[in-house]
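Please open the model in a viewer and keep the selection panel at hand.

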Amino acid sequence: IMPVWSSTTSQSAAIVSHSHSCLPLVSGIDLGVLRRHRASGFDYVSINVGMDMNPLDQVMRTIAWFRHWIAQHPEEFVQVDGFADVAAAKKAGKLAVSFDLEGSKMLLEDVAMVEFYRDLGVRQMHLVYNRNNSVGGGCHDDDKGLTAFGRDVVRAINRAGVIMDCSHNGERTSLDIMENSDKPVVFSHANARSLVDHPRNITDRQIDACAATGGVIGINGIRLFLDAKEDFAEPMARHIDYMVQRVGPDHVGLGIDISFNLGVDDHPPQEDRGYWWPLAGRYSSSGTSNAGPEELPKIVAHLRDRGYGQSDLDKICGLNFARVAKETWR
């Protein structure tokens, strides 16, 4: 497959990476929809394997199935162990895949679980999903900041060689994490609150602190967080440009937060959706619809119209997250 990235822009040898996509968290599904990433020009994607509301058995079965499916399709996909796997996958025309976790309840209050998940393919973790837990505060809760246990978890993530992510965290907790981490910290999928005032978007203080760690903010394609009408690419380019104007082109990337709807309900039976996605957040099926990987060339086109050259486009479309991975992963 000739990636759209190559045919729509000048040829680039740079790695194109996407920091967060979602599939139904169930065993037995067909992960073939991930081919859309490669067809759109992405070389690497991180896919979610569990959130705070998911029971441990669901997280474990999801990881087991995702690993099994990827291993059964070696001609197209590579399970990422280290950064060399991403580079090799790109050279071979394959899609490199790693996992991310959203929350920390699956750690069972034990920092040793961080290395366990690392060994299962998790290469990125954020510790709070919208609501407070034993690690810290969520963006839709009374954020009391990083706890003592949370500081232990941050240190464990740094030691394990896993990327420290602050998406879905409350402002205070994210600032505490960035102060305590000795590795670059990212927001894998977050937009600018100065442009769209929503608790899931991040403040200028968070943007500045992230850049100060050497980290990257991945702009997402959620309609609600972009205040997007019909088009996704232009408002995404607007948020990218806002971040670049504030902290420079070395600290911005793509985390479209693609949710592939395969017609499978993966919500746990007892899940209180109104708790995790509160009414005050204005969540609805239309408000939370999201962009797909096919937006990549459109985003690039809008950025070119804004005067971005190939060097900065390469950074935004993948090299910035690649740098963080090389500095963090073992």
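Helices (H or I, at least four residues) and strands (E, at least two) are DSSP runs, numbered from the N terminus. This is a predicted model, in which local features need pLDDT of at least 70, side-chain atom pairs count only at pLDDT 80 or more, and totals for chains, interfaces and linings use all residues. Residues are numbered from 1 along each chain as its sequence is written, and side-chain values use heavy atoms, with hydrogens and water left out.

**Stop two: the cavity**

Next, select S17, Y44, F321, A325 and W329, which lie nearest the centre of the largest cavity among its 13 lining residues. The elements giving two or more residues to this lining are β1 (17-22), α4 (83-92) and α13 (310-328). A cavity is a set of points, on a 1 Å grid over the protein atoms alone, where a 1.4 Å probe fits but cannot get out; lining residues have an atom within 4 Å of a point. The volume of the largest cavity is about 110 Å³, the volume being the space filled by probe spheres set on the points, with grid points joined across faces, edges and corners. Its lining comprises nine nonpolar, four polar and no charged residues (Ala, Val, Leu, Ile, Met, Phe, Trp, Tyr, Cys and Pro count as nonpolar, Asp, Glu, Lys and Arg as charged, the others, Gly among them, as polar).

**Stop three: aromatic pairs**

The model has eight aromatic pairs: rings of Phe, Tyr and Trp (its six-membered ring) with centres within 6.5 Å, stacked if the planes are under 30 degrees apart, edge-to-face if over 60 and tilted otherwise. Select F225 and Y283, an edge-to-face pair at 6.3 Å centre to centre with 90 degrees between the planes. F225 belongs to helix α9 (residues 223-226) and Y283 to the loop between α11 (273-276) and α12 (296-305), so this pair ties together parts 58 residues apart in sequence. F225 is buried at 4% relative accessible area, and Y283 is buried at 18%.

Finally, move to Y275 and W276, whose ring centres are 5.0 Å apart with planes at 80 degrees, so this pair is edge-to-face. Y275 is partly exposed at 34%, whereas W276 is buried at 7%.

Note on methods: 1 Å grid on protein atoms, 1.4 Å probe; cavity = no way out; pocket = protein on both sides within 12 Å on 5 of 7 lines; lining within 4 Å. Buried < 20%, exposed > 50% of the residue type's maximum accessible area, 1.4 Å probe, protein only.
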